[in-house]
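This report describes how the parts of one protein chain are arranged. Please examine the sequence and the structure shown here before reading on.

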Amino acid sequence: PPENRVVLGILDGTTPGEEWVDLIEDGAVLVLNVEGDVNERAAGFAREVRDEGGSLMHFREFLIVTPPGVAIDTDRLG
């Protein structure tokens, strides 16, 4: 089922924001390698993900995006 998957991808502006939102709405976790400015690249979907209760976190060269109900645990980072 979609809710049991992690989707790896490249956030370079070629994938429409709606596609990322659809994956999150299906319950997938996204791990996106960011090419360029993360704020610029995520502008097409970040607000919608947050408004729906999802989370986004820029970690190293990646943007981690989770659906509602899946927390991003940062305890081991510092």
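How many of the six residues of strand 2 are buried? Five of the six are buried, and strand 2 is thus described as mostly covered. The model discussed in this report is a predicted one.

## Strand pairing

With strand 1 it pairs in the parallel sense, over six bridges. Within this pairing, Val6 stands opposite Val29 of strand 2. With strand 4, strand 2 pairs in the antiparallel sense over four bridges. Here the bridge partner of Asn33 is Phe62, a residue of strand 4.

Strand 1, helix 1 and strand 2 together make a right-handed β-α-β unit.

## The buried side of helix 1

Helix 1 comprises residues 17–25, and its buried residues are Gly17, Trp20, Val21, Leu23 and Ile24. These residues lie on the same side of helix 1, because they cover an arc of only 160° around the axis.

Glu19 and Phe45 are 26 residues apart in sequence, while their C-alpha atoms are 9.0 Å apart in space. After helix 1 comes Gly27, which has a positive phi, near 95°.

## The nonpolar core

The largest nonpolar core has 18 residues; the members that touch the most others are Leu11, Leu30, Leu32, Phe45, Leu63 and Val65. Two or more residues come from each of strand 1, helix 1, strand 2, helix 2 (38–42), helix 3 and strand 4. Helix 1 gives the most, with four residues.

Leaving aside residues up to four places away in sequence, Leu30 touches Val7, Trp20, Leu23, Ile24, Leu63, Ile64 and Val65.

## The segment after strand 4

Thr74 is located in the segment that follows strand 4. With a relative accessibility of 31%, Thr74 counts as partly exposed. Thr74 and Val49 are 25 residues apart along the chain, and their C-alpha atoms are separated by 19 Å.

Conventions. Residues are numbered from 1 along each chain as its sequence is written. This is a predicted model: local features need pLDDT of at least 70, side-chain atom pairs count only at pLDDT 80 or more; totals for chains, interfaces and linings use all residues. Side-chain values use heavy atoms; hydrogens and water are left out. Buried means under 20% relative accessible area, exposed over 50%, partly exposed in between (1.4 Å probe, protein chains only). The arc is that of the directions from the helix axis to the C-beta atoms. A nonpolar core is a set of buried Ala, Val, Leu, Ile, Met, Phe, Trp, Tyr and Cys residues joined through side-chain atoms within 4.5 Å. Contact means heavy atoms within 4.5 Å. Two strands pair if DSSP finds at least two bridges between them. A crossover is right-handed if, with the strands pointing away from the viewer, the path from the first strand over the helix to the second runs clockwise.
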